[in-house]
Amino acid sequence: MEYRTVLTTCTYCGCGCGLYLEVMDGHVVNTIPCKTSPVNEGKLCVKGWNVHEFVHSPKRLTQPLLRKNGELTPVSWDEALDFTVKRLREIREAHGSDCLAFLASAKVTNEENYLIQKFARAAVGTNNIDHCARL
Ligand code: SF4
């Protein structure tokens, strides 16, 4: 049996609590709060304590889905991105930039969230941008 711990940062919100993931035989099996993290000092909220559970979940999306003939269908990233660009352009040309809105995520980095608000404001031309980490 192979066992190790990996020091990382909770992905559930923007607080950035430090934690260790316990890994057994290549599977993430548990979470331990990091006592030396200046952010959380050995404490976690209930989401943080359970952050390891989604990693191997069979419900996790592993590729983009597009609705085709009423059914969500797995597609490549290229197809999903081409479709998204085409629809964003069509909607903006037909109804204006403020008919589009963007919802960023706590499950990506601050830098990626910065990029999506920049994309919304500078590339698309709307201030309709929000974020799910406003706890
Ligand atoms: S979800 Fe909870 S444990 Fe995770 S970073 Fe936010 S406050 Fe910390």
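Residues are numbered from 1 along each chain as its sequence is written. Because the model is predicted, local features need pLDDT of at least 70 and side-chain atom pairs count only at pLDDT 80 or more, while totals for chains, interfaces and linings use all residues.

Start with the parts. The protein chain has three helices and seven strands. Both are DSSP runs, numbered from the N terminus: helices are H or I with at least four residues, and strands are E with at least two. Read from the N terminus, the order is β-β-β-α-β-β-α-β-α-β. The protein chain is more spread out than a compact globule, because its radius of gyration is 19 Å, well over the 14 Å that the globule rule gives for 135 residues. That radius is taken over C-alpha atoms, and the rule is 2.2 Å times the number of residues to the power 0.38. Along the principal axes, the C-alpha atoms fill a box of roughly 55 × 35 × 20 Å.

The protein chain is divided into domain 1 (3–54) and domain 2 (65–131). These bounds come from an automatic or database domain assignment. The domain centres, taken over C-alpha atoms, are 30 Å apart.

How much of the chain is buried? Buried residues make up 7% of the 135 residues. A residue is buried if 20 or more other C-beta atoms lie within 10 Å of its own, exposed if 12 or fewer, and partly exposed in between, with C-beta atoms placed from the backbone.

Now look at α2 (77–95). The number of buried residues among its 19 is zero, so α2 lies largely in the open. At 1.5 Å a residue, α2 should span 27 Å, and its end C-alpha atoms are 27 Å apart, which agrees. The expected span is 1.5 Å times one less than the number of residues.

Gly96 sits in the loop between α2 and β6 (102–104). Just after α2, Gly96 takes a positive phi of about 95°. Gly96 counts as exposed because it has 11 C-beta neighbours inside 10 Å. Gly96 and Val6 are 90 residues apart in sequence and 47 Å apart in space, C-alpha to C-alpha.

Residues around the ligand include Cys10, Cys13, Cys15, Cys17 and Cys45. A residue counts as near if its C-beta atom, placed from the backbone, lies within 6 Å. The shell divides into seven nonpolar, three polar and one charged. Here Ala, Val, Leu, Ile, Met, Phe, Trp, Tyr, Cys and Pro count as nonpolar, Asp, Glu, Lys and Arg as charged, and the others, Gly among them, as polar.
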